[in-house]
Amino acid sequence: MKINLSFQQKIVSCLVRDGQLSLEDNQLQGYQASIDGRAFSIALADQSYRGYYYIDHSANQVHLNLGGYYYRYDLIAEAALNAAKERQGNIISSLPGKILKVLVQPKDKLKQGQPIVVQEAMKMQHTLEASRDCEVEEVLVGAGEQVAADQLLVKLK
Amino acid sequence: MAEQKLKRVLILNRGEIACRIIQTLSRLGITSIAVYQAVEQGALHCRMADEAYLLPEDYLDIDGIIELCQKHAVDAIHPGYGFLSENHVFCRAVEQAGMVFIGPPARAIQKMGDKVEARRLARELGVSLMPGADLAATEEKSQVELEKIAEETGYPVLLKAAAGGGGKAMSIVKSKDLLHTEYLRLREEAESLYHNSALVIEHYLEKARHVEVQVLGNCQAENFVLFDRDCSLQRNNQKVIEEAPALAIEDGVRASMHSDARKLADAVGYTGAGTVEFLYDHQNGRYYFLEMNTRLQVEHTVTEMVTGLDLVEEQLKIAAGQVTRYDNILCGGHAIQARICAETPDLNFTPHAGDIVGYQVPATSGSLRIDSGIARGSAVLPHYDNMMLKLVSHAENRDDAIDKLMVALGETIILGVHTNIPLLRQLLASEEFRNYRHFTRFISTMTLPEPASEKEIAPVAAACIYQNEFQKNGSRLKELTAFDLLGNTES
């Protein structure tokens, strides 16, 4: 069985063989997990991590709290994996709100950290930036537009 | 002023402060009336109040609110903080409609709300001000004129809107290069935000502490000082950790700060709870008047913890015309508050929104207080401020209060939104804060370590949890009963 998880557009695939779980590109070996309904603990070598979780079946999500940090993993069906990978690395709104400025045009070459879109949400302005050097492929929003959470705003390549 | 009985009080606010005010009203047997917007259906403050009504428009719609209050026979309105709490037009409208505004008189709000006016008053009273000048709305300064003023003020300078507050429409300028551009930009911003392009220019202290004095004016406008608070830890000019009392201030300096605060409050005929804010330069022991906030503040809790007073109860007594005095109030121990906000735990402080699917907080006691506006099942909405709850600890001394708050933050589990809890814990654990060497810009000088090990473990945990679920329920995943981290959060 394969489990595909996505958190902040980063996709992790896990394989389950004979009840043991292995992660692609992950060095973790020989951990012990215990799960008791809402709390979990993972022991690895001499370190132990305790956290809390909630499974949202209708949204296919696992919510985790680990060391005060919050993670929300979307469970992605194998068939949807390609579509999810295609979204990776693009500019996506994390909150619903209004687009104040679009600072790029198709074919613009961008440097890492360059501002792309300024969005207003929760009465604050925040700027979405390029996470790497890239080129703008398509701009899907304009200034003044209302956007939803998780909406694809600018396609990068 | 004749004493009157307030029987029905409307809280023109939401979130933790509305819940906190409702608690005091319930204890005093006063009917609490909440208001909400359509998007807030089922919000905690509405469930806690005796009555709840849909606002015709929003929390700023003066005419609609007054009409709603009259329809439901409201005696008095508590504005909380933010929204219309410092709006003198609203305050007058409430009074003209024959109701009581729980706060200072309109003219006091108006005087202190205008930074130019407030600075003029402070100057007249001999309260020390940061070197600076008023930049009136009517005459736009030329580049040469402005550079001369900034030179006299001394770089770096802080430019801010005269009508502004809460960290909005302000900018720190380090040299003359960007001075005029920023000046023009802020005039525009101030005009669009407040319909008033007047600015204030002040010298900016790079390493200062934010010290503020709590005042409480009785119904005869006789003002009392309820000690001070240190609120130096700020991000984006908004406070995140506050404590009472402020420490490491010489007795004489503190006494003079308190007396200046009282002088300012008396000069505007202040009644009720208010805060006079100062910047304190710990390198030379000098302090400078910043502004007066004419309302109950987010951090009033730490003052309540060290004095044992319920400031909302006192506000109600004062508003009802009861003659109160606060001469013999003592300051006991040390209290610290942490504001828990829905935001990314990195240093961008991007707000976050979502449904709270898990909520667990430590048990409260005389030494740990929790003021919360959320419960499991609540929605943190993108339309409003992202502060969800406050944890407040109280102990004999500062170190113990910090320890207690650290533990409490570790026991606070929120699922559904990102929170600033990791940042708060790092702040409390920092050498600078522990040794009282923090200053207003401290957070902006910090670096946050990536939670490397947690980040590695998180996907493993998620996969294990999912696999476990799969094994238990086979291929047909059934809806589980709702996650119940803590049964008593809604009590």
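Mentor: We begin with strand pairing: two strands pair if DSSP finds at least two bridges between them. The model before us is a predicted one. In chain A, six bridges join β5(A) to strand β6 (residues 47-56), and the two run antiparallel.

Trainee: Which residue of β6(A) stands opposite A43(A)?

Mentor: A43(A) faces S48(A). The hairpin of β5(A) and β6(A) has two residues between the strands, and A45(A) in the turn has a positive phi of about 50°.

Trainee: How many bridges join strand β4 (residues 32-35) of chain A to β5(A)?

Mentor: Four bridges do so, and this pair is also antiparallel. Three residues lie between β4(A) and β5(A) in their hairpin, where G37(A) takes a positive phi near 105°.

Trainee: Why is β5(A) described as largely enclosed by the rest of the structure?

Mentor: The description holds because five of the six residues of this strand, residues 39-44 of chain A, are buried.

Trainee: How is the packing of two helices to be read?

Mentor: Two packed helices are described by the angle between their axes and the distance between the axes. In chain B, helix α6 (residues 115-125) and helix α9 (residues 251-267) pack at about 115°, with axes 10 Å apart. Their contact is made by L121(B), A122(B) and L125(B) of α6(B) with K263(B), L264(B) and A267(B) of α9(B). These residues comprise five nonpolar, no polar and one charged. The crossing of α6(B) and α9(B) is right-handed.

Trainee: Against which elements do the buried residues of α13(B) pack?

Mentor: They pack against β8 (69-76) of chain A, and also against elements of chain B, including β11 (223-235), β15 (334-341) and α12 (398-410). The buried residues of helix α13 (residues 421-429) of chain B are I421(B), P422(B), L423(B), L424(B), L427(B) and L428(B).

Trainee: Are C46(B) and C331(B) buried or partly exposed?

Mentor: C46(B) is buried, with a relative accessible area of 13%, whereas C331(B) counts as partly exposed at 29% relative accessibility.

Conventions:
Residues numbered from 1 in each chain as written. Chains lettered and ligands numbered in written order. Predicted model: local features only at pLDDT ≥ 70, side-chain atom pairs only at ≥ 80, totals over all residues. Heavy atoms only, no water. Buried < 20%, exposed > 50% of the residue type's maximum accessible area, 1.4 Å probe, protein only. Contact = heavy atoms within 4.5 Å. Axes fitted to C-alpha atoms, helices over the stretch in contact; angles between N-to-C directions. Left-handed = near helix turned anticlockwise from the far one by under 90°. Nonpolar A, V, L, I, M, F, W, Y, C, P; charged D, E, K, R; others polar.
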